[in-house]
Each structure stands twice: as structure tokens, then as C-alpha cells.
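Subject: Structure handover

Hello,

Here is the structure you will be taking over. Please open it first; my notes on what was found follow below.

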Amino acid sequence: MSNFNRQIRLTSTMIRGLQYRYFTTIEGHRPTIVHKQGLDILHDPWFNKGTAFSMTERDRLELRGLLPPNVMSNEQQIERFMADLKRLEVQARDGPSDTNSLAKWRILNRLHDRNETMYYKVLIAKIEEYAPIVYTPTVGLVCQKYSGLFRRPRGMYFSAADRGEMMSMVYNWPAEQVDMIVVTDGSRILGLGDLGVQGIGIAIGKLDLYVAAAGINPQRVLPIMIDVGTNNEALLKDPLYLGLQQHRLDGEEYIAVIDEFMEAVFTRWPHVIVQFEDFQSKWAFKLLQRYRNSYRMFNDDVQGTAGVAIAGLLGAVRAQGRPMIDFPKQKIVVAGAGSAGIGVLNAARKTMARMLGNNELAFESAGSQFWVVDAKGLITEERENIDEDAKPFAKKTKEIGRQGLREGASLEEVVREVKPDVLLGLSAVGGLFSKEVLEALKGSTSTRPAIFAMSNPTTNAECTPEEAFSIVGENVIFASGSPFADVDLGNGHIGHCNQGNNMYLFPGIGLGVLLSGSRIVSDGMLQAAAECLAAYMTEEEVLKGVIYPSISSIRDITKQVAAAVITEAIEEDLAEGYREMDARELRKLNKEEILKHVEDNMWNPEYPTLIYKKD
Ligand SMILES: NC(=O)c1ccc[n+]([C@@H]2O[C@H](COP(=O)([O-])OP(=O)(O)OC[C@H]3O[C@@H](n4cnc5c(N)ncnc54)[C@H](O)[C@@H]3O)[C@@H](O)[C@H]2O)c1
Ligand SMILES: O=C(O)C[C@H](O)C(=O)O
Ligand SMILES: [Mg+2]
């Protein structure tokens with residue numbers, strides 16, 4: 001090649017390089033015109049920037065509320081992705097179950113993102129296998145790692161930084177109709193504590209069950225995270241955390257955010273049902289009292305759990321070969337006086353009082369059947385700064401003196417002295433029912449003592465079924481919040497492990513409230529749901545120690561529970577009807593017709609025929 005030619009070639013390469021640099025620079029600043037907004041952008045891999053959308057861009061593109069509130073740089077995004085990728089290797093060393101279950105969750109989650117019908121078909125067909133992945137216990141692990149696992153957004157985020165904006169933001173959600181919202185503030189996710197914005201995972205998991213068990217249309221469910229900050233110091237320091245990095249709002253400021261949220265969602269969807277989930281007990285009761293008479297809402301941890309526990313407690317009475325009406329004679333020790341424990345105590349006391357004649361005396365006398373132990377031991381009237389909600393269950397000094405007990409007595413002492421029929425744990429403390437506590441329970445005056453280790457996830461269970469059967473005896477009734485396998489007792493007998501989880505009630509409560517059209521969720525409707533679950537088990541099953549149904553029949557249980565809720569709403573004159581079935585039509589239905597009405601309104605995962613039509 002001549003020098004001249006070489007020169008020409010060099011020059012043209014330089015020009016091309018310059019041109020390239022010139023144009024890319026310009027191109028980088030030139031806006032890209034998009035003909036989409038909202039979720040359509042987030043679902044488009046060409047335009048999506050995920051958590052890196054700036055706040056102004058989020059407003060411009062109607063994305064506000066559709067992403068976690070923390071705006072990330074591109075570098076942070078890549079770092080977060082790499083950290084997650086590496087975590088897989090780390091987890092491989094932590095033991096096989098976590099890695100496997102998380103890997104299964106990821107695969108299911110990807111299916112959820114690309115084909116909802118197929119996802120729910122799989123979930124419904126294999127609910128026994130996959131509920132432990134999309135729901136407790138794996139959902140707990142997912143929430144703990146959510147900042148790393150986050151890919152495509154699902155649901156809405158309302159944050160403390162959105163005050164004054166919620167009423168308009170709520171219109172960024174694309175669905176015109178929403179039937180069911182599950183909302184959390186992430187302050188007490190399962191027994192894992194404050195997980196901040198990462199708690200959105202629990203709302204998603206609960207709504208998966210709403211679709212799979214209750215047949216709520218997946219286009220009409222909405223998981224919501226209210227991010228008011230977090231008091232989890234590790235998350236506050238984590239540069240890759242997706243939520244607001246500030247301490248939680250409290251007091252009036254906190255209430256103002258929740259009020260604004262409630263007003264916004266009920267303005268856009270006046271018929272929606274809002275399930276409060278995993279709020280720390282400090283707020284769970286207050287918010288329930290604040291909203292339950294004016295909004296269609298309930299708290300799953302307080303009210304759903306109470307109903308499931310009542311059904312199980314009545315089952316335990318039947319398992320002793322006694323009639324349910326003997327329930328008020330049961331001595332019950334409860335470990336844990338938080339939102340779940342107090343919810344169960346209040347409902348159990350009311351149920352006993354009703355059986356005893358439903359008057360003040362009955363209510364008083366029912367109260368003496370419970371001993372409540374929290375982190376500071378047995379709760380008595382001597383307890384300093386006693387929680388208002390626990391006060392009605394504080395033991396009288398004189399009474400427990402006679403029993404050889406005192407303020408702050410340990411769980412082991414209480415069990416040894418009281419010799420209870422039932423030991424129920426909602427403490428979030430794994431292994432709390434230690435060898436010593438279980439040994440003490442051997443002195444129970446019951447022919448079949450019952451153990452409810454209800455805390456979630458699995459590692460927080462107060463004891464395992466193996467421990468219960470091997471220490472207390474083969475005759476014991478056992479239930480746990482997260483699933484455990486039945487125990488081979490080695491003599492040809494099987495120790496049955498029941499799952500005592502609010503999943504047996506909340507889907508049916510939600511579906512029943514929806515179809516009844518009731519404006520509120522009354523105590524009577526919740527009671528009807530619990531009684532329906534209690535009656536679901538046959539005498540034969542109960543005598544074998546099977547006090548809760550198998551999860552494989554959850555769709556049928558949910559249908560029955562929903563029908564019971566509707567029937568009660570009609571009885572209490574609260575039913576206003578839903579769609580073409582108005583209150584008058586509803587009232588005309590008999591038991592079978594109500595069940596059929598419920599079934600006809602349950603969504604099934606079948607592909608519809610699609611037809612294109614211009615707007
Ligand atoms: N199975 C279910 O359906 C179901 C439903 C709701 C909640 N839960 C589980 O219940 C647990 C508690 O939930 P919560 O909302 O009530 O939580 P919470 O934090 O409000 O209450 C926990 C309670 O346990 C007490 N506690 C702590 N350490 C204790 C100890 N060593 N001995 C006795 N008590 C102790 C605390 O003092 C507190 O009263 C969680 O693990 C949650 O997953 C299970
Ligand atoms: O989520 C569950 O599995 C049950 C319950 O709502 C809980 O908070 O533990
Ligand atoms: Mg919960």
C-alpha cells in the first residue's frame with residue numbers, strides 16, 4: 001500500500017471514529033421518543049431502566065408508585081445484580097434446601113412474569129409442592145433477599161416521600177378494577193422482624209394464594225408496600241437496599257400516611273377489600289380499630305390467625321373424644337402476646353364465653369382459662385407498663401399464688417404448674433418449646449395434649465413435630481405454622497403434622513366479603529369462617545389427630561368458607577350483592593345455590609380466545 005493510500009485510509013478511519021464519537025455523544029443526550037407509559041415501559045426490555053428511573057422521569061412517564069422508592073445509579077444496579085449472582089455460590093454452602101427453594105422461587109417467578117395463566121395452572125395443580133415456595137417458608141427468605149432478587153416490579157409502592165401524591169399515583173395502576181389488595185408496611189414480616197420495603201414479597205405471596213385458592217382474578221389483585229422507612233439497621237446501611245433509607249415514621253405522621261393511602265385506594269376502587277398483613281402489633285390493633293367500621297378491611301394476622309387457631313383448638317377438644325362444648329374447660333398456655341397471640345386469646349375467650357351462656361359472668365370465667373407468657377415471662381397484674389391489649393389476660397396475683405406461680409414466671413414453670421391441655425406458640429422464637437418445656441407438658445391433665453408451634457417461617461417454629469412426639473408422647477396433637485412432614489413413629493404409626501396457618505381462612509374471608517358485597521368485615525362473618533373450618537374435618541380424621549385439612553383441598557375449603565361468610569353477611573343484613581347478584585337475589589339463594597354462586601365466580605386458569613379490537 002502506498003503512503004498516500006495509507007494516509008487516506010488512516011484519515012477516513014479517524015473521521016469515522018470522530019463521527020462515531022460525535023454522534024454517540026449527541027445520541028446519548030437526544031431523548032428517545034416512546035409511545036408508552038407506566039407498566040408498558042417497565043415491561044419493555046428496550047426502554048426499561050428499572051430502579052434507575054429518576055423521580056422526574058417517573059412522574060413524566062406515570063411510573064410513580066410502580067417501583068421501589070430508592071433511585072439507583074446504573075453502577076448500583078449492576079452491583080446489586082452481581083451481588084445476587086454471587087450469593088447463589090455462597091448459598092450453595094449454606095445447605096441444599098435454601099438454594100433449591102430459592103432457585104425454584106426464581107423459576108416460578110419468571111413464569112409468573114411471562115404467563116400468569118400457566119403460572120396459576122402449575123400452582124393450583126401442585127399446590128402442596130409449591131405453596132411452600134411462593135408462600136411460607138420460602139417467601140420469608142425471598143423477603144430477606146428481596147433487594148437482590150428484585151427484577152420486574154409487581155404491585156405498587158407508596159412511600160413516605162409520596163405524601164400528598166397518593167390520590168393521583170393510584171391511577172398509575174393499569175387495572176380499572178381491583179378486588180383484593182394485600183398491604184404491608186414491612187415492619188414484622190413473618191417472625192423475621194422489620195424487613196422494610198422488602199416485605200412486598202409477603203403481599204405477593206398472600207395474593208398468589210388468593211388466586212390459587214379463592215379464584216380471585218389475577219388481573220384484579222394488587223400487592224402494596226407502604227414504605228415509611230425501616231428501623232432495621234443493616235438495611236439502613238446497605239447501599240443496595242431498595243427502600244427509603246430513613247427511620248420509620250411514627251405517631252401522627254405514620255397514621256397520616258396510612259390514612260392517605262386508604263383514602264386513595266378506596267376512592268379509585270370503592271369495592272376493593274384491603275387485607276392488612278404483617279404490621280407490627282403496635283400498629284396492627286390501632287389501625288384495625290381505626291378502619292374496620294368504615295372500610296372493607298381486615299387484619300389477617302389478628303383476625304385470620306384467630307379463626308384458624310379457634311378451629312384447631314376445637315379440633316383438639318374433639319380429638320380427645322370430647323364434644324366441642326367442653327372447650328371452656330381447656331387450660332391454655334399461650335407463648336407470645338403480639339398481634340397474633342392477642343388476636344387468638346380474644347377470639348378464644350369470646351368463643352368460650354358464648355358456650356357458657358354469653359353473659360358477663362361467662363366472659364369473666366372464660367378469662368381464667370388462659371395463661372399468657374411473653375418475653376418477660378408470665379403476665380400478671382403486677383406487670384409494669386403492661387400493654388393495653390394484654391391487660392385483660394393478666395393473671396391475678398392471688399390466683400397464681402395459689403398455683404405456685406408469680407409475675408414473670410418462666411414458660412417451663414407455667415407449664416409444669418398449670419398442666420395445660422394446650423400449649424400454643426406465637427412468639428416468633430424458634431425452639432422456645434425446649435426439651436424442658438416439653439418434658440413439663442408430659443404432666444398435662446389432658447388425655448391428648450395439643451401443641452401449636454405456630455410461628456413462621458420453619459426456623460421460628462417453637463418446636464418440631466419430631467420433638468413433640470418423641471418427648472411428650474405419640475398421643476399428642478401437633479400443628480405448626482409452616483409445613484413439616486409427618487413423623488414416622490417407628491412402630492407402624494405416623495405422627496400427623498397439621499399446618500395451622502391463616503391460609504385456610506383469609507382467601508375464603510376475602511372471597512366471601514367480595515361476593516356478599518358487605519361494606520365491612522364483621523366479627524360474625526369471621527366467626528362463621530372459623531366455625532366452617534372447624535366443621536370441615538370429620539370425626540374420624542380428628543380422632544386420628546388430623547385437625548386441619550390437607551392443603552391439596554384448599555380450593556374446596558375456601559369455597560365453603562366463602563359461602564359461610566356470605567350466609568352470615570345475609571343474616572346480619574350486611575350483604576349488598578356483587579355485580580348482577582344484588583342483595584335481593586342473594587337473599588333468595590339456598591345453601592347449595594350459594595355454594596354454586598361462589599364456585600361460578602371463581603377464576604380458573606384457562607386460556608381465553610383473544611380477539612383484536614382497536615380502542
Ligand atoms: N401460623 C399462622 O397462621 C400465623 C399467623 C400470624 C402470625 N404468625 C407468627 O406468629 C409470630 C408472632 O407474630 P406477632 O405478630 O404476634 O409478633 P409480635 O412481634 O407482635 O409478638 C411476638 C410476641 O412474642 C413474645 N416473645 C418474645 N420472646 C418470647 C419468649 N422467649 N417467650 C415467650 N414469648 C416471647 C413477645 O413478647 C411478643 O409478645 C410470627 O412468627 C408470625 O410468623 C403465625
Ligand atoms: O404468612 C404466614 O405464613 C402466616 C402469617 O400471616 C404470618 O405472619 O406468619
Ligand atoms: Mg402474616
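In this structure, 18 residues of domain 3 are in contact with 17 residues of domain 4, where contact means C-beta atoms, placed from the backbone, within 7 Å. On the domain 3 side, the elements that give two or more residues are α15, β11 (477–480) and β14 (497–499). Helix α15 gives the most, with 12 residues. By class, that side has 8 nonpolar, 9 polar and 1 charged residues. Here Ala, Val, Leu, Ile, Met, Phe, Trp, Tyr, Cys and Pro count as nonpolar, Asp, Glu, Lys and Arg as charged, and the others, Gly among them, as polar. Helices (H or I, at least four residues) and strands (E, at least two) are DSSP runs, numbered from the N terminus.

Some notes on the source. This is a predicted model, in which local features need pLDDT of at least 70 and side-chain atom pairs count only at pLDDT 80 or more, while totals for chains, interfaces and linings use all residues. Residues are numbered from 1 along each chain as its sequence is written, and chains are lettered from A and ligands numbered from 1 in the order in which they are written.

The chain is divided into domain 1 (14–48), domain 2 (50–295), domain 3 (302–501) and domain 4 (505–615); these bounds come from an automatic or database domain assignment. Between the C-alpha centres of domain 3 and domain 4 there are 29 Å.

Next, the ligands. There are 31 residues around ligand 1, and Gly191, Gly338, Asp374, Ser455 and Gly481 come nearest; a residue counts as near if its C-beta atom, placed from the backbone, lies within 6 Å. Two or more residues of this shell come from each of α15 (300–319), α16 (339–355) and β7. The shell around ligand 1 holds 13 nonpolar, 15 polar and 3 charged residues. Around ligand 2 are Thr136, Leu190, Asp278, Asp300, Asp301, Asn456, Gly481, Asn501 and Asn502, which divide into 1 nonpolar, 5 polar and 3 charged. Domain 2 and domain 3 each give at least three residues to the shell around ligand 1, and each also gives at least three to the shell around ligand 2.

For "binding site", an unreviewed UniProt entry lists Glu277, Asp278 and Asp301. They span 25 residues in sequence, yet no two of their C-alpha atoms are more than 6.6 Å apart, so they gather at one spot. UniProt positions are given in the numbering used here, feature names are shortened, and annotations may be inferred rather than shown by experiment. Asp278 sits in the loop between β4 (273–276) and α14 (281–291), and Asp301 is in helix α15. Asp278 has 25 C-beta neighbours inside 10 Å and counts as buried; Asp301 is also buried, with 25 other C-beta atoms within 10 Å. The cut-offs are 20 or more such atoms within 10 Å for buried, 12 or fewer for exposed, and partly exposed in between, with C-beta atoms placed from the backbone.

Last, strand β7 (residues 370–374). Its 5 residues are buried, 5 of 5, so the strand is largely enclosed by the rest of the structure. Phe370, Val372 and Asp374 point one way, and Trp371 and Val373 the other way. Strand β6 (residues 332–335) pairs with β7 in the parallel sense over 4 bridges, pairing being at least two DSSP bridges between two strands. β7 also pairs with strand β8 (residues 377–378), in the antiparallel sense over 2 bridges.

Regards

Terms used
Two residues are in contact if their C-beta atoms, placed from the backbone, lie within 7 Å.
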